[in-house]
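Here are some notes to read alongside the model. Keep the sequence and the 3D view open while you go through them.

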Amino acid sequence: MADQAVTTTGRLKPVTASRWARFAAVMAVIGPGIITANVDNDAGGIATYSQAGADFGYSLLWTLIPITLALILVQEMTARMGVVTGKGLSDLIRERFGVKATFYVLLALLVANLGNTMAEFIGVAESLEIFGISRWVSVPCVAVIVWVLVVKGTARIVERIFLIACVFYVAYVVAGFLARPDWHEVALGSFKPTLALNGPALTMVVTLVGTTIAPWMQFYLQSAIVEKGVQIEDYSLSRLDVVVGCIVTDVVAFFIVLACGATIFKAGGHIESAKDAAVALRPLAGSWASALFAFGLFNASLFAASILPLSTTYYVCEAFGWESGIDKRREEAPQFYFLYTAMIVVGAGLVLIPGLPLLKILLLSQTANGVLLPFILIFMLLLAGDERLMGRYRNGLVLSAIAWLTTIALIVLTALMLWFTLR
Amino acid sequence: MTGANRIWYPRTVQSRPPQEGTFVFLSELLGRPVVGVSGVRLGRVVDFLADASEPAYPKVTALRVKTSLRAEIKRVEWADVAACEPRETRLKRDGEALQPLKLLGNEIPLAQDVLDRQIVDTDDAKVERVNDLHLLRARGELRVAHVDVGFRGLVRRMGWQSAVDTLLKAVRPNALYLRKEQFVPWKHVQPLAAGPSKVRLDLARRAMAEVHPSDLAEILEDLDRRERAVLFRDLPIEFAADALEESEPGLQRELLRMVEPAKAADIVEEMQPDDAAELLSELPKEQTAEILAAMDPPDARIVEELLTYDENTAGRMMNTEFLRLSPAMTAQQALQSVRDQAREVAQVHDCFVVQRDRRLLGVLSLRDLLLANPEVPVDAIMHEHPAPLDPGERAARVAELAAKYNLFSLPVEREGKLLGVVTVDDVLEKVLHG
């Protein structure tokens, strides 16, 4: 009987496409890690990396290596929790730490992400202004595009578009090469740790860490993995997705630092934003490098602006038990649609208000990120080490120790960042 | 609170609860002090265990208390509780009432497994998150009455209830928020946290019987994976099969992977053969083989037969269970036969008159049978089917034929032998989603 069954079913599906089947299996798991890590290189991230290159040349390149390792450590834990529990991080926090903790965490997340969303719309406005498009046109258009893409599109199409957006980050790698760096100096800066013990250099390092490991990423990655329905058998693929994502992200970051280091730093210039960097690159590395840089900024801003409002809305609704999901009708999930639309309207709208202290608001969101990160990391460590929840996939002793040490280091660095920025 | 306002209960009447038939929220009792008979403070209440085998208003059977001394969690039987109030819980004994932690087979820890967790509201067929539990104090007992899934519950948990109420009463005294509680009666609550399985199985059997299979499929989709597994494993075979038929392919694959192959086989056997074939064709090859091997050989053979036809064809969609009549029967005998067969057949709209060698002679509807003279033989009232199908016929063509001739079901033949029957509901699904 068993034999018969095997032969019958074997006949059913001709074995023409085993390679495709394997590819499909990989695609069924790959995505969340790469997308999350790339969204991390958003408008704020690009500004930070540009400034690191412009002000310190290649001398801080080496910090990207430990930053990548820490990023991998944190993201792997998040991915594992998503695969094992099949729940989002906000759900887990609600079930383990109760309503009050959840409320304050999500409130801080909402504020931080609203600030981040604004930063993305500022990125959209500035990058398109380089190409001569007014922000009064670009910001409303992009806001509508983002809203429609997510509300009218299906999850699968949206993810495809996001994966394609990841490819455009290659613009920065090309820009890095166009800047003609001295590769010997680059190698030296990448592998020989040096750090001037002064305020500006320390602030820069701390800011680099702070931009790279953000609270929202943990929520987004875990939800994305749950949404994909990744099973524990496929976890090794999922981990690969996360590791590759982290490495790719920091390679992009590396080339941004490189491009600015080879040009603006050498010429002794100074920049305040990612737009400054794109403009400054034109006379130094040619108009192609400048255009690529601006295009990369637009791509990154658009990408992150599509993800941040939606994911924030998801966590909030899930934690409070409100109906959520783009497959629900508006009457079924009123809180979901209200919050999502409000995030975009407020995020894009504030950018257009003349005379609003945008820089202050962005700083505030950065502060919210920083204040939130320690709590999120501690919650995550407690959850990932919980045997009842994670079973044999909980953090082992060694991993636990490394994770706690990293977390403490991150908390100290974040505290330093807050101190430096608020001083 | 001043000393004059405080209510002192004389020690002698401690066994009587202070108030009769009042409601209290779980969140008002959790974390409150536990005091022994001598007034010594023993610890804080961290959980209530309820007897989940009671369908309507499960009784609280014990408390979990975190001791003040060593921060251990202990069990206190409800029989040892003198009064359980928001201010404090008083016991009838002192430290000796604190027993080692244990959980009986019928008990469900409310704070641990219900509060803040997802439940299924089987009345509204919705997945909800529990913000609070509404408990009834009566005759010295504490019983679970409702779960609170509303916004008020959230506000109460945040400790803002009185502030928000006062504010809202001043601004909008008629606000819906003030008038409406969103409670789900416990008898409609299906808890999902992994607890004692016996209790959950009984609950699932009783509660889920009210839920329509399509709603059940939607509930399964809305749940987190862990809860989904708990609920699906608990479902009686027939419900699981119904829900599975209504689910999306991705979810079907995941659900079947959650149960043992033997149970998966039972579930598939419960389904209509065409739906079973449809389902199995979506699964990975090894999983299909495993399930087929665990099925009853005759059932497995039928499904395998269907699986040999291509997707989106009449052969794949057809049902092998349909109403068969023999030409010599009278209308009366035919009706009796329909009655006998109906248990196994999903659609009883059309009857197919076949010879012993499975050759299709004609069709007639149940309506024809009911209206016919009881003594008339079947072959006198049957007519030829206008559009018999080849097993390879595409779904779109089948839909066209059904529409053209206003057919409810279409026979599938090969070399004049009747193989099965395609009904319009199958075609509709294929044409819409295929």
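**Notes on the model**

1. (A residue is buried if 20 or more other C-beta atoms lie within 10 Å of its own, exposed if 12 or fewer, and partly exposed in between; C-beta atoms are placed from the backbone.) B:Arg139 sits in the loop between β11 (132-138) and β12 (141-148) of chain B. Its phi is near 45°, a positive value in a residue other than glycine.

2. Before going on, some ground rules. This is a predicted model, where local features need pLDDT of at least 70, side-chain atom pairs count only at pLDDT 80 or more, and totals for chains, interfaces and linings use all residues. Residues are numbered from 1 along each chain as its sequence is written, while chains are lettered from A and ligands numbered from 1 in the order in which they are written. For the complex, the predictor gives an ipTM of 0.71 and a pTM of 0.73.

3. Back to the backbone. Most residues other than glycine have a negative phi. B:Asp116 is another residue other than glycine with a positive value, its phi being near 70°. Is B:Asp116 buried or exposed? B:Asp116 is buried, with 24 other C-beta atoms within 10 Å. You'll find B:Asp116 in the loop between α2 (110-113) and β9 (118-121) of chain B.

4. How many helices and strands does chain B have? The count is 20 helices and 19 strands, where helices (H or I, at least four residues) and strands (E, at least two) are DSSP runs, numbered from the N terminus. The radius of gyration of chain B is 30 Å, well over the 22 Å that the globule rule gives for 434 residues, so chain B is more spread out than a compact globule. (That radius is taken over C-alpha atoms, and the rule is 2.2 Å times the number of residues to the power 0.38.) Along its principal axes, the C-alpha trace of chain B spans about 95 × 50 × 40 Å.

5. Now for confidence in chain B. Its mean pLDDT is 83, and 91% of its residues reach 70 or more; pLDDT is the predictor's confidence in each residue, from 0 to 100. Confidence is lowest in helix α6 (residues 197-208) of chain B, at a mean of 64, and highest in strand β16 (residues 350-354) of chain B, at 92. Over residues 1-19 of chain B the pLDDT is below 50, and this stretch has 16 contacts in the model beyond near neighbours in sequence. (Two residues are in contact if their C-beta atoms, placed from the backbone, lie within 7 Å.)

6. Have a look at helix α3 (residues 151-158) of chain B, whose buried residues are B:Gly153, B:Leu154, B:Arg156 and B:Arg157. They cover an arc of only 165° around the axis, which puts them on the same side of α3(B). The arc is that of the directions from the helix axis to the C-beta atoms. Just after α3(B) comes B:Gly159, with a positive phi of about 85°.

7. Over in chain A, the secondary structure is 19 helices and zero strands. Of its 423 residues, 50% are buried, while in chain B the buried share is 41% of 434 residues. Taking contacts between residues at least 6 apart in sequence, 84% of those in chain A join residues at least 24 apart; for chain B the figure is 62%.

8. Two helices of chain A are worth a look. In helix α5 (residues 64-85), 17 of the 22 residues are buried, so α5(A) is largely enclosed by the rest of the structure. A:Gly86 follows α5(A) with a positive phi, near 65°. In helix α12 (residues 215-228) of chain A, 13 of the 14 residues are buried, so that helix too is largely enclosed by the rest of the structure. After α12(A) comes A:Gly229, whose phi is positive, near 70°.

Methods. Expected span 1.5 Å × (residues − 1).
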